[in-house]
Amino acid sequence: MRVLCARHPHLGLIAALRRYPELREEPVILGGAPELRLPVVAASAAALAAGVRVGQPLRQAQQSCPAAVFVPLDPAGVGTLRAAVCAELHRLSPTVEGGDEESFGDLSGRHAEFPDEASWASALARGLRGVLDTEIAVGVAGSRFVARLAARASRPGRIRRVRSGEEAAFLAPLPLEVLPIDPAVTARLAAFGLDCLGAVAGLGPADLQRQFGPDGIRLHRLARGEDSAGILPAPAQRTWSERLVLDGATGDLEILLRGARECAMTLGGRLTAEALAAGEVSVAFELEEMELISTSGVPPAPAGNAGALWTAALGLLGLLQPPAPVAAVRVSVTRLAPAAGRQADLLRPGDGAREAVVATAERLRSRFGAATVRRPRLALDPGDLPERRFTWEVPVVAGFR
Amino acid sequence: MPDSLSAALATLRSRYGPQALRRGGSTEEPGAWSTAVPVIDGVLTPGGLPRGRITLLAAAGRGPSGRLTLLQSLVALASRSHDTGYVDLAGSIDPGFLADLGADLDACLVISPGPARWERGLVMARSLVTAGMPWVGVALGWEQPRPSLWEHALAALTEAVAKRGAVCVIATPFPAALPLRHASSLTLTCAPAGWQRANGDVSALRVQLTTSKSKLGAPGATATVLLRYPRPYAIAEVLGLPSVIVPRVQPVIVPGLDEAAVAARG
């Protein structure tokens, strides 16, 4: 496995500086007003140079840097930036993880567009620099922990690669403080006279386990760069949409249907090509001289091809009643996830079509009414009334929703 | 056959598949779905209900005919091995009765388009068949809309059933509409043959089934089944009744004996 770690300024700080661009050269402290009993979340380079440290109380930071500007954290802005970072990473990497100050991407295998890992990582770094408008420090290594330390060892605008097999040598001179473990364990290691990761890696796993219990094994692996922690995939960060501008605004349902179908087919083809499935589908009409109208829905089963996507979009189209001529049609998919396969029941013929049947039932329900397609189920406590012998349920594929 | 024609046929087969061209005499036998009632399967030419065709259960006259009970029992049977759709245009569905017939309700999808909405019901049935539903039953009610409103939907359903190789059974009251009779490949006419009573209550209905139309075999075959209703300690089921031909006894006139004596001799 090869992991890319990109270190960038805190996304909250970037969002704040985008909101107040006049503060770019000023010392800025992120966390809120200084009178609040809160810690410093992030600080600009000027503030850090003045002695401000992340995690210290805001009041203390104010004493260190009286000229600093204090800005609150904007969760919405951070979320938007994180989504943009993940989307950019997703463009070139199948599995990504977005954090406030670090983002990860999977560089395992080969990418068709790039001859080697270095050019692939460079492309990712350039993309992130374009999104965040700042230089990124990048580290590439065989594990998450080593990649993170490589990124820390790198400088903004540079890539530090640790080749396979060289992890232990890279880690050996680093101090114990970089280990993501309990500080008490670090203190005990220091008490033993172990002052760097190379010294810890030289110990046997049995010795470390005797001293530190189960944490000893993890400590041994971390010190040798053999940790198995991978990337925690960022869920549902991507949105794909397809927009079709009509030749002149129209209210003709047939034309709108064709437009939506064309968008759905194109998007479905992209989903199939990328082996992804959409957990949510939305359809929007851009109206002439009016605000656009849109609706979205969760298909009974994730839509991973053109047919399933068109079925989901068709069900939504019935909900949209444009009050003015439509100038453009847009179909979007979100909550993208790898299209997982499903084990069909071996002894039930036609089971493979169950998702398609349920999706069609969902579309019929949305078109003709919720009571038109239902699945009966016997009541557990029917009582004496015959009509209570059964209940009606919405048909749903098992395992979804 | 000229070489050019052979080459053209080979090109068409390679381009559109071997099933695209067939000789007129080599019509393929469609697959059959067994009803699990040997008496019924015995009168049906493929050995069961034909796949990819419309089967019509038509009432022979006004009044109860047993067609809906028979349809529901077939749905119950199908649900044990397939996903099954039941389009209830008659407004008579009782899932409890389906359960009494042994249906797997998890595999049953009940479609209720509303009374007399034949077109909507047939459209919904077509959508489900197109999506892959392998077995669909349609129960039509007494109130018949004008055929012009729904015959197009029926044609689309017929096409979808043929394309997907699904089993589609439509139960229709008397008289069966012309488009239905035209679309069906197999028409089973259901005629009541009498009630069966037990302890002063109706326990079952005897129904005579006649293949009044069959595109797959010779029509005219008959079978008698017993539609047994659920009762305490008795399940609902369809039973085939033995078709024993009892020759009518002709009185033998012996010279010298009067008619009373003939009657006494039986």
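Modeller: Because the model is predicted, local features need pLDDT of at least 70 and side-chain atom pairs count only at pLDDT 80 or more, while totals for chains, interfaces and linings use all residues. Residues are numbered from 1 along each chain as its sequence is written, and chains are lettered from A in the order in which they are written.

Colleague: What makes a set of residues the largest nonpolar core?

Modeller: A nonpolar core is a set of buried Ala, Val, Leu, Ile, Met, Phe, Trp, Tyr and Cys residues joined through C-beta atoms within 7 Å, where buried means that 20 or more other C-beta atoms, placed from the backbone, lie within 10 Å of a residue's own. The largest such set has 108 residues, and A:L309, A:A313, B:V129, B:V136 and B:C168 touch the most other members. Apart from this core lies another, of 65 residues, among them A:V3 and A:F70.

Colleague: Which residues is B:C168 in contact with, leaving aside its neighbours within four places in sequence?

Modeller: Contact requires C-beta atoms, placed from the backbone, within 7 Å, and B:C168 meets this with B:I54, B:T55, B:V129, B:V136, B:L157 and B:V161.

Colleague: Why do strand 14 of chain A and strand 11 of chain B stand at the edges of the sheet?

Modeller: Strands are DSSP runs of E, at least two residues long, and two of them pair if DSSP finds at least two bridges between them. The open sheet has 11 strands with mixed pairing, and strand 14 of chain A and strand 11 of chain B each have a single partner strand, so one side of each is left without a neighbour in the sheet.

Colleague: How do you know that strand 13 of chain A pairs with strand 5 of chain B?

Modeller: The two strands are joined by 2 bridges and run antiparallel, and the bridge partner of A:R374 is B:V110.

Conventions: A residue is buried if 20 or more other C-beta atoms lie within 10 Å of its own, exposed if 12 or fewer, and partly exposed in between; C-beta atoms are placed from the backbone. Two residues are in contact if their C-beta atoms, placed from the backbone, lie within 7 Å. Helices (H or I, at least four residues) and strands (E, at least two) are DSSP runs, numbered from the N terminus.
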